Amino acid sequence: MAEALTRRSALGRLGAGVAVAVGALRNPAPAGAQGSSPAFGLQESVQDGLKRVFGGRPIKDGAAMIKLDIPPIAENGAVVPVNVEVTAPMTPASYVKSIWIVADKNRIPMVVKATLTPESGQAFVGVNIRLGETTDVRAVVEQSDGTLLMAKREVKVTVGGCGG
Amino acid sequence: MSDIGKIRIRVPSNAKAGDVVRVRCLVIHPMERVERDAQGKIVDRNYNYITRVTATYLGKPVAVFDLTQSVSENPAFSFALKATTPGPVKVTFVDTHGGKYEGTAELAFA
């Protein structure tokens, strides 16, 4: 009986090992920076992150077009709802291609990248993010013609929610 | 923990053809954050967090999210879509441990 049990648990462990290996294969990211894509999930400063993702492309002020809806004071940094809405047409000819949410002082500043299609109908995304400390939160919008727009707002964080 | 991958999707019930509707979805997931040892060095292991969320409507993608560990535990997402015909809204989550979770909601017209 005991023998059967050990064999079973050994098999189970083997199976788990295979699952982990498959997961590792699907995400061939360098150790310590296991992001979803190479442009993501790195521990860096916000300037480095913006430079890495957008290169030297100019980022225009988009405060008039981008509505950044975040609570000004987040009591719990572990859950901060961020809603971004862009008043821009969503037609196949001209649409908002992607929206990045960037938290300046997080160790991983490039928090979320949302990719949209003309079928979205409206450039709107909302995500709950973590904030480590009081920081500026930016939304960077890339339009289908490559124009970059940015808006930012400060969020005061009472209790940080970012271990990393 | 057995709740990992449980998905809730909310679509408006009073949509009409041509409307832009907003969909909210939530997944139960730990979204493990980076751990550090006493020296402040990062513990190197395969953290379990969701890297990609794909939302489709009538089989066509409407929004794709790429996530990092800076996203909250049990993450919630909202996105918009242009309602043309009643049909399924499907959201797929993929995490770093190879887990794949799917949820569907039917968008019905009032």
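Two residues are in contact if their C-beta atoms, placed from the backbone, lie within 7 Å. The structure is a predicted model, in which local features need pLDDT of at least 70 and side-chain atom pairs count only at pLDDT 80 or more, while totals for chains, interfaces and linings use all residues. Residues are numbered from 1 along each chain as its sequence is written, and chains are lettered from A and ligands numbered from 1 in the order in which they are written.

Chain A has a mean pLDDT of 79, with 73% of its residues at 70 or more. Over residues 17-39 of chain A, pLDDT stays under 50, and the model has 36 contacts beyond four places in sequence for this stretch.

Helices (H or I, at least four residues) and strands (E, at least two) are DSSP runs, numbered from the N terminus. Val46(A) belongs to helix 2 (residues 46-54) of chain A. Leaving aside neighbours within four places in sequence, Val46(A) has contacts with Val102(A), Asp104(A) and Pro109(A). A residue is buried if 20 or more other C-beta atoms lie within 10 Å of its own, exposed if 12 or fewer, and partly exposed in between, with C-beta atoms placed from the backbone. Val46(A) counts as partly exposed because it has 17 C-beta neighbours inside 10 Å.

Two strands pair if DSSP finds at least two bridges between them. In chain A, strand 9 (residues 148-159) is joined to strand 1 (residues 60-61) by 2 bridges in the parallel sense, and Lys60(A) stands opposite Leu149(A). Strand 3 (residues 73-76) of chain A also pairs with strand 9 in the parallel sense, over 3 bridges; here Asn76(A) has Val159(A) as its bridge partner. Strand 8 (residues 135-143) of chain A runs antiparallel to strand 9, with 8 bridges between them, and Ala139(A) stands opposite Ala151(A). Strands 8 and 9 of chain A form a hairpin with 4 residues between them, and Gly146(A) in the turn has a positive phi of about 95°.

Chain B has 0 helices and 7 strands. Its C-alpha trace spans about 60 × 25 × 20 Å along the principal axes, and 37% of its 110 residues count as buried. Strand 2 (residues 20-27) of chain B pairs with strand 1 (residues 7-10) in the antiparallel sense over 4 bridges, with Ile7(B) opposite Val27(B). Strand 2 of chain B is also joined by 7 bridges to strand 5 (residues 76-82), again antiparallel, and Arg24(B) stands opposite Ser78(B). In the loop between strand 2 and strand 3 (50-57) of chain B lies Arg36(B), which is partly exposed because 13 other C-beta atoms are within 10 Å.

A nonpolar core is a set of buried Ala, Val, Leu, Ile, Met, Phe, Trp, Tyr and Cys residues joined through C-beta atoms within 7 Å. The largest such core has 62 residues, and those with the most contacts inside it are Ile99(A), Ile101(A), Val112(A), Ile129(A) and Phe79(B). Strand 5 (residues 96-103) of chain A gives the largest share of this core, 6 residues. Beyond four places in sequence, the contacts of Ile129(A) include Ile101(A), Val112(A), Ser70(B), Val71(B) and Ser72(B).

How values were computed. pLDDT is the predictor's confidence in each residue, from 0 to 100.
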